[in-house]
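Visitor: I would like to learn how to read a protein model. Could you take me through it feature by feature?

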Amino acid sequence: MALPDTLAIERAGLKAWPGIEVEWDGAWVRRAAGGYTKRANSLQCFDPDDGDHAADRLAAGIEWFKARGIPPVVRNTPLASPSLNAALDTAGWQTIDHSYLYAMPLGEHEPDADGRITDLLDPDFLGAQQQLQGYPDAQVARMRAVLAVMAVPAAGIVVERDGVPVASGLMAIADGIVITGNVIADKTRRRQGLGAAMMRTGLAWAKGHGASVAALNVQADNEAGKALYAGLGYRHQYDYTYRVPAAA
């Protein structure tokens, strides 16, 4: 089957990982979520042709983020207006976090025998994320606030071994595309297939809830993550980066 195009995947990603506050300016969107993840706290352009008054609109976006106590960040995908990129270049913004968007048709996957599907706000899921991610309480509170506003079908995944959480992630379905995030496995138990077990468990849930395509983001330098996802059938679709103001 043909996979969705960049716009369809990015639109699904916007629904699957929303900001708590969202404001549109033409085809540019600003998202704020208390600083939890760059994606949910960024400016993004969804139409390469929407570049009028780019410098002024970028300046307005910067002020919007500053008013919310959030550092200004631009998520830069193939949909970004060349005029926005030119304004960023002129202002000396840096490029960071080179990343890939991976996707695949969603086939059948066998869930792990010790994998569990939970509500996003289930204490067991939040606890597994905190333990495995090493989050302080304040970061868990920020994550919880984002999860609380998700309006699409979504689930937390926890895989256990001997009653102990060893891998976790979340999956959200928008427009038939399941988007995966917050993937983490116990770093003391490498090469035990725990990440793959968690992914298969979540993908089986997503298939049963109507998803036909799976997509996710992975940083370009995350060799272990890229190998995990390629082994499950994901393939590179496009690159994206983040832009941040140059350090003073």
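Guide: What follows goes from the whole chain to two residues.

Guide: This is a predicted model, in which local features need pLDDT of at least 70 and side-chain atom pairs count only at pLDDT 80 or more, while totals for chains, interfaces and linings use all residues. Residues are numbered from 1 along each chain as its sequence is written, and side-chain values use heavy atoms, with hydrogens and water left out.

Visitor: How many helices and strands does the protein chain have?

Guide: Helices (H or I, at least four residues) and strands (E, at least two) are DSSP runs, numbered from the N terminus. Here the protein chain has 7 helices and 11 strands. Its radius of gyration is 18 Å, close to the 18 Å that the globule rule gives for 248 residues, so the chain is as compact as a globular protein of that length. That radius is taken over C-alpha atoms, and the rule is 2.2 Å times the number of residues to the power 0.38.

Visitor: What share of the residues is buried?

Guide: Buried means under 20% relative accessible area, exposed over 50%, and partly exposed in between (1.4 Å probe, protein chains only). Of the 248 residues in the protein chain, 50% are buried.

Visitor: Is R243 buried or exposed?

Guide: R243 counts as buried because its relative accessibility is 6%. The residue is found in strand β11, residues 235–244.

Visitor: Which side chain makes a polar contact with the side chain of R243?

Guide: A polar contact is a pair of N or O atoms within 3.5 Å; within protein, one must be able to donate a hydrogen and the other to accept it, and residues adjacent in sequence count only if both atoms are side-chain atoms. For R243 the partner is the side chain of D89, at 2.8 Å. A polar atom of the R243 side chain also lies 3.0 Å from the backbone oxygen of W93.

Visitor: Which residues does M104 touch?

Guide: Contact means heavy atoms within 4.5 Å. Leaving aside residues up to four places away in sequence, M104 touches L3, H109, L203, V213, A214, L232, G233 and Y234. M104 lies in strand β5, residues 94–105, and is buried, with a relative accessible area of 3%.

Visitor: How far apart are M104 and L43 in space?

Guide: Their C-alpha atoms are 27 Å apart, and the two residues are 61 residues apart in sequence.
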